[in-house]
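Subject: Structure for your files, with notes

Hello,

The structure is pasted below, followed by notes on what was found in it. Please read the notes with the coordinates open.

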Protein chains: 4
Amino acid sequence: MPQINKGMGAMTLTHNDFAVQTLGECTVPSPLNLSTVYGDYLTNYIDENERILYSNRLSAIKQYIENGEEPLSFEKAGPREKIFFEPGAVRAGIVTCGGLCPGINDVIRSLVMQLHFLYKAQSIYGFRYGYWGMIKESGLQPIVLSPDKVSDIHELGGSILGSSRGNQNVAKMVDRLMDYKINMLFCVGGDGTLRGASEITDEVNRRGLPISIIGIPKTIDNDIPFIDKTFGFETACTHAVASIRSAHVEAKGYQNCIGLVKLMGRNSGYISASASIASQEVNFCLIPEVPFELEGPNGFYSHLLKRLKRKSHALIVVAEGVGAYLCAKDEYDASGNRKFGDVGIFLRDGIKKFFDEQGMHVNVKYIDPSYMIRSSRPIPSDSRYCIQLAQNAVHAAMSGKTGMIVGRWNNSFTYVPMKMVTRENKVIDPESTFWLNVLEATGQPKSMRNTKP
Amino acid sequence: MPQINKGMGAMTLTHNDFAVQTLGECTVPSPLNLSTVYGDYLTNYIDENERILYSNRLSAIKQYIENGEEPLSFEKAGPREKIFFEPGAVRAGIVTCGGLCPGINDVIRSLVMQLHFLYKAQSIYGFRYGYWGMIKESGLQPIVLSPDKVSDIHELGGSILGSSRGNQNVAKMVDRLMDYKINMLFCVGGDGTLRGASEITDEVNRRGLPISIIGIPKTIDNDIPFIDKTFGFETACTHAVASIRSAHVEAKGYQNCIGLVKLMGRNSGYISASASIASQEVNFCLIPEVPFELEGPNGFYSHLLKRLKRKSHALIVVAEGVGAYLCAKDEYDASGNRKFGDVGIFLRDGIKKFFDEQGMHVNVKYIDPSYMIRSSRPIPSDSRYCIQLAQNAVHAAMSGKTGMIVGRWNNSFTYVPMKMVTRENKVIDPESTFWLNVLEATGQPKSMRNTKP
Amino acid sequence: MPQINKGMGAMTLTHNDFAVQTLGECTVPSPLNLSTVYGDYLTNYIDENERILYSNRLSAIKQYIENGEEPLSFEKAGPREKIFFEPGAVRAGIVTCGGLCPGINDVIRSLVMQLHFLYKAQSIYGFRYGYWGMIKESGLQPIVLSPDKVSDIHELGGSILGSSRGNQNVAKMVDRLMDYKINMLFCVGGDGTLRGASEITDEVNRRGLPISIIGIPKTIDNDIPFIDKTFGFETACTHAVASIRSAHVEAKGYQNCIGLVKLMGRNSGYISASASIASQEVNFCLIPEVPFELEGPNGFYSHLLKRLKRKSHALIVVAEGVGAYLCAKDEYDASGNRKFGDVGIFLRDGIKKFFDEQGMHVNVKYIDPSYMIRSSRPIPSDSRYCIQLAQNAVHAAMSGKTGMIVGRWNNSFTYVPMKMVTRENKVIDPESTFWLNVLEATGQPKSMRNTKP
Amino acid sequence: MPQINKGMGAMTLTHNDFAVQTLGECTVPSPLNLSTVYGDYLTNYIDENERILYSNRLSAIKQYIENGEEPLSFEKAGPREKIFFEPGAVRAGIVTCGGLCPGINDVIRSLVMQLHFLYKAQSIYGFRYGYWGMIKESGLQPIVLSPDKVSDIHELGGSILGSSRGNQNVAKMVDRLMDYKINMLFCVGGDGTLRGASEITDEVNRRGLPISIIGIPKTIDNDIPFIDKTFGFETACTHAVASIRSAHVEAKGYQNCIGLVKLMGRNSGYISASASIASQEVNFCLIPEVPFELEGPNGFYSHLLKRLKRKSHALIVVAEGVGAYLCAKDEYDASGNRKFGDVGIFLRDGIKKFFDEQGMHVNVKYIDPSYMIRSSRPIPSDSRYCIQLAQNAVHAAMSGKTGMIVGRWNNSFTYVPMKMVTRENKVIDPESTFWLNVLEATGQPKSMRNTKP
């Protein structure tokens with residue numbers, strides 16, 4: 001049974017959880033030469049103490065006040081007047097890990113530009129093929145990154161550095177950082193990658209090295225907590241809507257025809273839900289957060305049958321993570337998670353079988369656009385977001401922050417401890433107005449279960 | 001990105017400013033049949049008293065606490081358990097005014113679907129060609145809108161209802177509402193339109209009519225205050241980036257060539273600034289909020305010359321509102337605002353003249369993509385936003401709210417009194433990190449004035 | 001690109017094969033009121049006797065001359081000065097059959113506009129869901145088509161009439177035409193559909209009815225002979241290239257990674273070959289016309305291994321029809337054709353197995369974009385082509401032509417007897433320069449067989 | 001008065017006009033190792049004597065036969081079994097001139113790939129900024145082009161080499177070729193460029209140098225004779241249709257609103273006409289080949305008025321070359337051609353004035369998308385075409401052909417003497433069925449002149 005995102009609320013968060021580690025005192029004057037006063041039309045440094053509220057609900061704030069507590073809050077991102085590293089001494093590393101996601105090259109480009117032009121970094125290395133390229137045994141040499149080298153890469157999908165899945169020996173990776181005298185490492189990746197980055201930070205701390213480890217969260221699924229939205233997500237929704245439109249055209253093209261689209265989302269249905277609202281054509285949006293049954297009088301198949309009898313076509317979107325409930329396997333991956341089958345194929349076959357049993361011939365047109373989405377170039381709003389994340393990541397590193405990721409929360413850029421975002425996944429709350437908007441847009445039943453929960 | 005204009009900060013806002021008017025007590029049970037408890041996996045009604053904080057800064061909240069005041073907040077949007085109108089008695093009107101903007105048809109479609117399917121409205125009228133179609137003298141009959149009529153309109157740019165500029169006689173418009181026995185009117189438009197809607201509300205109040213007037217703010221410029229972002233804005237930025245890319249290709253295609261793109265934004269430079277970050281190629285982004293000089297050693301032309309000597313090409317984005325400073329006319333419009341010339345043409349000619357005087361031949365490739373942007377179809381993230389705005393607008397009207405607009409603030413949908421959003425325009429704060437991100441992305445000087453301000 | 005299948009060359013074509021049937025003498029003056037002289041700047045009627053050469057090779061023409069024969073030629077399409085039907089008496093039917101293809105709605109729209117505005121047709125019926133909607137038993141009523149009804153349909157993918165596969169009882173379909181007093185029927189479909197249309201023509205002839213049956217050939221695969229290119233083909237290539245680009249990005253994103261794209265083409269590899277040239281990234285393009293082996297020293301797997309060792313990534317395009325050789329089944333369809341499996345899945349699994357045996361770990365990213373391609377809207381060059389086909393189809397019907405299709409040959413629109421285009425499929429000649437261009441663009445071996453043929 | 005394209009027909013063409021110059025006897029065996037027999041499934045060399053008919057009309061061929069003449073024909077493009085240059089000795093140059101056009105980078109990339117991989121060229125130079133970069137005085141060094149350097153350039157619009165307008169001293173350019181020991185030069189450009197290339201050929205001939213000069217015709221206007229279509233043209237039409245759609249949306253958005261789009265085409269209206277058919281929305285398509293009057297009872301304004309009264313909106317497309325008639329200036333350019341004003345602005349103002357005089361308020365929404373079109377990336381069908389042109393250009397150069405361009409004629413690639421294509425422009429014949437298709441699609445009057453011609 002999928003869990004409502006109460007974990008977030010239920011977790012007892014403390015002020016300590018929001019505290020970002022620093023490598024030491026900031027004594028170097030920033031080369032940015034910004035203003036420190038308001039009213040001169042010149043951009044200002046961000047004060048170390050500016051903070052962004054965790055909750056934007058009045059009732060939550062009232063409760064803090066009643067309890068005499070300071071509300072929980074994030075450190076605000078941005079350039080500091082005093083920084084930790086001498087600009088000319090900066091030797092940066094960049095590594096991109098996990099699945100492809102629109103915008104990685106924009107992040108790389110912007111990190112390089114910001115490091116080179118704003119902070120005059122001495123050298124910037126790009127490790128090849130994820131953490132694998134960070135250990136000597138891979139035989140891979142990092143690429144030296146310069147503005148010339150990266151100036152056109154935002155025109156290309158993917159990652160010019162390449163990627164790989166899985167972690168590597170942490171000690172070996174830190175050895176490698178020392179080999180190249182790297183004093184700031186930017187890790188672009190999802191929760192596995194950030195867990196790895198967190199371990200690298202721990203090892204760096206153990207060795208007492210002045211190396212800043214900064215994460216830039218990347219997950220096309222948008223399931224990282226304490227961050228509004230991950231880069232690439234809106235691009236994914238954009239292409240998802242195109243796939244849904246295709247399935248809709250197919251479904252309307254024939255009598256008793258069903259369009260079925262499987263979208264990314266192992267733990268959370270953000271892409272499916274967002275694309276279902278945007279497409280305006282979807283009749284059923286199935287996500288892991290909202291439990292449902294296939295069979296029975298109030299089950300999904302029964303509602304699908306009614307729809308088809310009424311309109312002669314139907315359009316279904318399913319998030320891949322629904323497979324964890326519908327087609328779990330008796331196998332477990334290296335991390336001990338139960339594996340599950342391809343829920344798109346499962347549903348396609350299940351629907352056909354159900355209608356066969358009803359003696360009704362239906363056509364199911366099944367579309368799985370995953371690779372085409374992952375490899376696309378970011379839409380401009382994602383590009384902008386990537387660039388702003390990278391700009392703030394560099395500001396963070398220059399200020400000696402470490403073991404943290406750059407995020408955005410209620411429209412403000414923030415610095416968030418890595419450990420906080422790798423605890424669990426962000427999921428859609430089925431009792432929220434966001435999910436209501438999906439129900440309103442699809443017209444699907446509020447519940448497709450035969451018994452009340 | 002949502003920056004509060006300094007004026008906004010300066011305005012003394014009171015709790016009263018945030019209070020939304022209602023037509024009367026809500027006694028009708030909602031037909032939506034949502035849940036009222038948490039934990040049953042069923043979507044909940046939004047409590048009338050749920051509110052979203054105006055400020056997300058910890059320091060602001062601390063100050064409220066010190067002063068013993070309740071922080072300012074917005075009413076949270078969403079469906080209420082008890083509503084004002086009997087569903088079957090609803091007779092709605094929709095009107096779209098002002099310039100075209102991507103997403104208008106999505107708003108119309110979603111209003112119709114929500115009214116028809118969720119709240120079983122009796123009839124829905126679409127007035128033709130803006131407020132002009134709302135007075136009898138126009139000779140225009142409203143269109144009867146049904147799900148069938150609107151089911152494919154999200155595939156089309158523009159407004160199927162048509163639009164017009166300017167207000168009409170308020171009494172006549174209210175007469176017309178009475179003629180058609182309309183009890184809720186949805187006005188899609190910018191600040192002029194919302195000012196008109198506000199006057200309609202006043203007239204309706206004067207006459208003591210139970211008619212709900214709901215605004216859905218539309219301005220491609222994103223310059224409406226107390227709302228994160230207006231619909232169509234991200235679509236505009238998307239196409240703006242494409243135009244900038246074109247100018248960049250042209251500029252790089254020849255020796256000493258300058259690409260110049262004029263973008264929309266009469267009062268604020270949001271499109272120009274956002275597109276400049278996203279495109280990653282812009283060298284100079286000129287917006288009305290950031291004063292600069294053309295001539296002199298630290299003036300724009302001088303920096304442009306340096307850029308061209310160094311790189312042999314340059315890329316400039318200018319917001320149309322810069323014309324108010326550079327090429328104001330001695331003419332005033334009906335509302336008493338000073339008119340100004342086309343800043344794109346002005347700069348194109350000015351640059352040529354400047355370089356001629358320097359004895360340097362340059363090519364200026366000038367692009368003005370305005371009409372192509374306005375008339376485009378919304379990108380999916382804007383579609384989704386349009387739909388959510390419309391869904392919440394209908395919830396508001398059903399609950400008897402009036403004289404208000406539907407907005408979004410720090411990721412939560414809100415209800416905001418119309419009078420609040422028509423006071424003044426939202427602008428970019430040049431001292432904010434958002435503008436810093438533009439400076440970082442363009443590499444342009446922090447100030448292009450010859451004297452300190 | 002239009003290659004004549006060797007079969008075609010082998011077929012003994014006679015002048016008779018090129019002769020289009022007519023319903024009778026044309027005595028009605030065309031309402032188009034075109035010019036009949038050259039030099040007055042006014043468009044001219046096309047003379048009944050204008051003909052377009054079948055061969056564009058000088059050597060072929062020389063041979064005809066030597067043999068004292070008139071070269072084979074097609075009737076040129078276009079408006080005639082005298083027509084067969086009284087404009088006001090025209091009652092037209094339109095039916096769309098088979099798989100979806102970009103441009104069907106453009107064809108429908110243009111048929112309606114041309115019939116209505118140019119020739120003042122009395123009524124136009126659109127049959128629902130293919131030939132199935134043409135028999136009474138379907139219970140489906142045809143839609144009355146008017147300019148208003150179709151004015152926006154070119155913005156939508158698919159077919160507003162819907163489609164179905166397979167033929168229906170010919171007598172019943174002709175009965176239905178008689179029920180509705182239809183005197184011209186436009187059949188949009190592939191070879192099966194055109195075979196059906198040919199049978200309808202025969203039945204109409206048998207009954208001595210003055211009904212014109214005109215085909216508009218539709219096959220996304222571009223495998224219809226005696227026609228340069230079918231509509232929707234270039235749109236298919238456009239989207240195919242996007243899929244290939246995605247696979248390329250994925251392939252480059254990881255070490256030893258292979259991108260694999262399966263494209264449409266049951267009998268011919270036109271989409272695969274054209275998209276492979278256009279994408280410029282493909283390393284192996286596999287089509288049914290060019291036999292190859294998987295195993296052995298000169299087999300495909302061996303070359304793939306070499307490529308991967310050299311570059312660490314590879315990109316493969318395979319046409320679905322290759323499955324007829326690689327994964328034929330022991331099943332036969334209703335028409336007696338041997339069925340075959342999904343060659344994309346077959347190759348994905350085969351490649352993995354091969355590399356496993358080599359002890360080399362590879363990743364295969366497999367993309368099947370078929371439904372997304374079929375359902376897309378046509379690119380403008382296809383729209384234009386659709387419209388011109390439909391315009392000429394109407395001219396043909398008005399002139400009383402029947403049992404024919406509208407085609408294009410060497411840039412001129414032509415009228416071609418239906419029986420000629422349903423004989424066999426058009427395929428790529430592996431010995432042509434077109435296929436050479438594919439080899440040049442991919443760099444793949446000229447032959448991947450272990451023995452000389 | 002614009003000339004009908006009778007020049008082509010009227011010109012007395014001789015077999016000699018079609019003869020391509022060669023540098024000498026081909027004695028080097030081609031490294032391509034193709035087949036010379038048919039039936040072995042291996043691609044064949046193209047025989048030196050294969051020729052493609054100039055006319056595809058049966059009547060024209062009959063006339064040749066009657067006269068006992070051989071029909072005119074083009075040399076067929078493709079690889080020859082024996083070539084002129086020793087592969088390893090090839091030193092190639094590439095230059096791109098004139099306005100930007102979608103596909104230039106695809107041509108460059110494919111030339112480099114073909115020269116490097118197929119023919120193992122020794123070195124390839126790219127001259128910067130057109131012919132200007134080919135003379136020493138420019139101070140510009142050519143770029144050394146390798147597969148690595150060009151592998152991603154097809155993702156970018158424009159020309160990576162840059163361009164310039166105008167010719168340079170021919171002797172100096174040939175000196176430069178000699179400096180770099182270049183033995184084959186590929187000139188990508190329009191009629192001016194090809195005229196320059198023709199002069200370079202003459203100078204090379206005069207000096208008796210074994211340098212092959214090959215043109216790849218580039219004109220977005222598609223106005224080069226003896227070639228089906230120029231590369232970039234379909235891309236231009238694609239974007240033109242998008243602009244027209246924008247204007248249509250604007251026009252429909254307001255009462256009495258006119259959308260006006262100016263498209264490229266100085267001498268011929270191909271883009272305007274093709275886009276008008278494809279868009280299906282245009283009411284008036286104005287091109288230089290079809291004379292019309294503005295005033296008078298059968299003039300354009302009068303028809304526009306009727307349309308507006310009937311439908312309240314109208315959509316106009318005008319080719320820039322119409323300006324030569326409507327707004328010619330008393331100025332002449334360097335080549336003695338009369339200059340003319342911007343016809344889009346001229347019409348916009350003229351229309352407003354006309355309706356003002358009629359006492360009718362209209363809105364004119366004017367769009368000029370030229371730069372956005374020129375700088376875009378090619379659509380895949382254009383990419384494919386670019387690549388095939390480049391592949392055949394290299395085959396031509398290797399075979400020692402010179403003073404020729406690569407073309408396509410009735411679907412076959414051809415070699416055409418440069419002098420033939422620079423004689424005059426290709427234009428639309430107003431008496432052709434192509435122009436009829438425009439009239440049918442727009443519904444505009446066959447003639448908008450007050451007197452018969």
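For the helix packing below, axes are lines fitted to C-alpha atoms, for helices over the stretch in contact, and angles run from 0 to 180 degrees between N-to-C directions. The model is predicted.

Contact between helices of chains A and B

With axes defined that way, H13(A) and helix H8 (residues 270–279) of chain B come within 8 Å of each other and cross at roughly 75 degrees. Angles of 65 to 115 degrees count as roughly perpendicular, so H13(A) is roughly perpendicular to H8(B). On the H13(A) side the contact is made by A:Pro380, A:Ser383, A:Arg384, A:Ile387 and A:Gln388, and on the H8(B) side by B:Ser274, B:Ala275, B:Ile277 and B:Ala278. By class, this contact of H13(A) with H8(B) has five nonpolar, three polar and one charged residues.

The A–B interface as a whole

In total, 62 residues of chain A are in contact with 63 residues of chain B. Several elements of chain A each supply at least two residues of the side that touches chain B: strand S3 (51–53), helix H2 (58–67), H3, helix H7 (233–253), helix H8 (270–279), H13, strand S19 (412–417) and helix H15 (433–442). The residues of that side of chain A divide into 30 nonpolar, 22 polar and ten charged.

How are the two copies related? Chain A is superposed on chain B by a rotation of 180 degrees with 0.0 Å of shift along its axis, at an RMSD of 0.0 Å. The two copies are therefore related as by a two-fold rotation axis. In chain A, the C-alpha nearest this axis belongs to A:Asn410, at 2.3 Å from it. Of the interface residues of chain A, 98% are also interface residues in chain B, so the copies meet through the same surface.

Packing within chain A

H13(A) also packs inside its own chain. Helix H3 (residues 104–118) and helix H13 (residues 380–398) of chain A pack at an angle of about 40 degrees, with their axes 8 Å apart. H3(A) and H13(A) are therefore oblique to each other, and H3(A) passes H13(A) in a right-handed crossing. A:Asp106, A:Val107, A:Ser110, A:Leu111, A:Gln114 and A:Leu115 in H3(A) meet A:Ser383, A:Cys386, A:Ile387, A:Leu389, A:Ala390, A:Gln391, A:Ala393 and A:Val394 in H13(A). The residues of this contact divide into nine nonpolar, four polar and one charged. A:Ser383 and A:Ile387 are listed in this contact and also in the contact of H13(A) with H8(B).

The corresponding pair in chain C

In chain C, helix H3 (residues 104–118) and helix H13 (residues 380–398) pack at an angle of about 40 degrees, with axes 8 Å apart. That makes H3(C) oblique to H13(C), and their crossing is right-handed. Among the residues that make the contact are C:Asp106 and C:Leu111 of H3(C) and C:Cys386 and C:Val394 of H13(C). The division by class is nine nonpolar, four polar and one charged.

Domains of chain A

Chain A is divided into domain 1 (6–230 + 378–421) and domain 2 (233–375 + 430–442). The centres of the two domains, taken over C-alpha atoms, are separated by 35 Å. Between them, 17 residues of domain 1 are in contact with 14 residues of domain 2. The side of domain 1 that touches domain 2 has six nonpolar, seven polar and four charged residues.

Regards

Methods. Residues numbered from 1 in each chain as written. Chains lettered and ligands numbered in written order. Predicted model: local features only at pLDDT ≥ 70, side-chain atom pairs only at ≥ 80, totals over all residues. Least-squares fit on C-alpha atoms with pLDDT ≥ 70 in both. Contact = placed C-beta atoms within 7 Å. Helix = DSSP H or I, 4+ residues; strand = E, 2+ residues; numbered from the N terminus. Parallel < 35°, antiparallel > 145°, perpendicular 65-115°, else oblique. Left-handed = near helix turned anticlockwise from the far one by under 90°. Nonpolar A, V, L, I, M, F, W, Y, C, P; charged D, E, K, R; others polar. Domains from an automatic or database assignment.
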